[in-house]
Amino acid sequence: MIKRNYRVAIYMRLSKDDGNEESQSIQSQREILSAYVEKQGWTIVDEYADDGYSGTNFERPNFKRLIEDIELGRIDLVITKDLSRLGRNYIQVGYYTEEYFPEKNVRYIALNDNYDSDDGDGDDFIPFRNVINEWYAKDISKKIRFTLDSKSRNGEPRNTVFPIFGYAYNEIYERVPDSETAPIVQLIYK
């Protein structure tokens, strides 16, 4: 049997924003996926990383770029660490894994979920995993909202990943006036 040399896209995603530097999780995903592709003797055409983007929404810049490259015929295999890295919206993930990728003759592998679209038997539990991935995202969102509301009721500041307009975070994550935008807020209140 002749071994095919796939033109591979490795796709990485993490919803928690780690600031300006690329997160360690993205780097970890890159190392795992690159090592697997190298072991198979395939060629990585490009890397696509959406660091700080939710999996519940497919309006991610590098995911869109990945789709553009598939449309251009540059890619014939997409690999992710697991299904949740592709996305956490079970309908959209199902669309890509069951319709879009097969229509474009693109093989898809979710490494840690042991899913490979070239496996004839497939995995009958994949739709359930996708539902659980979406449920997990909704559950985390509820828990975060509950914690922030509780802080607010107790008079504590609701720290968010991005500071509120007019403020910045100092090195110990305290909210302090931002010298550039604070005057705008003061003007609004006048």
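This is a predicted model: local features need pLDDT of at least 70, side-chain atom pairs count only at pLDDT 80 or more; totals for chains, interfaces and linings use all residues.
Arginine 85 belongs to helix H3, which covers residues 83–86. With a relative accessible area of 8%, arginine 85 falls under the 20% limit and is therefore buried. Leaving aside residues up to four places away in sequence, arginine 85 touches Tyr11, Arg13, Leu14, Gln29, Arg60 and Thr80.

Five strands form an open sheet with mixed pairing, in the order E2-E1-E3-E4-E5. The edges are taken by strand E2 (43–51) and strand E5 (115–116); each has a single partner strand, so one side of each is left without a neighbour in the sheet. Helix H1, residues 24–40, packs on this sheet and touches E1, E2, E3 and strand E4 (107–110). The direction of H1 makes about 160° with that of E1.

The pairings can be followed strand by strand. In general, strands of a sheet pair through backbone hydrogen bonds, in either a parallel or an antiparallel sense. Strand E1 (residues 7–14) runs parallel to strand E3 (residues 77–80), and three bridges join them. Here valine 8 has leucine 77 of E3 as its bridge partner. Leucine 77 also has a bridge partner in E4, namely arginine 107. E3 and E4 are again paired in the parallel sense, over four bridges. E4 is covered on both faces: Arg107 and Ile109 are buried on one side, and Tyr108 and Ala110 are buried on the other.

The pairing of E4 with E5 is antiparallel and involves two bridges, with alanine 110 standing opposite tyrosine 115 of E5. These two strands form a hairpin with four residues between them. Asparagine 114 lies in that turn and has a positive phi of about 55°. At 69% relative accessibility, asparagine 114 is above the 50% limit and so counts as exposed.

Most residues other than glycine have a negative phi. Asparagine 105, in the loop between H4 and E4, has a phi near 55°, a positive value in a residue other than glycine. Its relative accessibility is 63%, so asparagine 105 counts as exposed.

The helices complete this tour. Two packed helices are described by the angle between their axes and the distance between the axes. For helix H2 (residues 61–71) and helix H4 (residues 90–103), the angle is about 30° and the axes are 12 Å apart. H2 is therefore roughly parallel to H4. On the H2 side the contact involves Phe63, Ile67, Ile70 and Glu71, which meet Tyr96, Tyr100 and Phe101 of H4. By residue class, this contact holds six nonpolar residues, no polar ones and one charged residue.

Not counting residues up to four places away in sequence, glutamate 71 touches Tyr100 and Lys104. Glutamate 71 and lysine 104 are 33 residues apart in sequence, while their C-alpha atoms are 7.8 Å apart in space.

Key:
Residues are numbered from 1 along each chain as its sequence is written. Side-chain values use heavy atoms; hydrogens and water are left out. Two strands pair if DSSP finds at least two bridges between them. Contact means heavy atoms within 4.5 Å. Axes are lines fitted to C-alpha atoms, for helices over the stretch in contact, and angles run from 0 to 180 degrees between N-to-C directions. Angles under 35 degrees count as roughly parallel, over 145 as roughly antiparallel, 65 to 115 as roughly perpendicular and the rest as oblique. Ala, Val, Leu, Ile, Met, Phe, Trp, Tyr, Cys and Pro count as nonpolar, Asp, Glu, Lys and Arg as charged, and the others, Gly among them, as polar. Buried means under 20% relative accessible area, exposed over 50%, partly exposed in between (1.4 Å probe, protein chains only).
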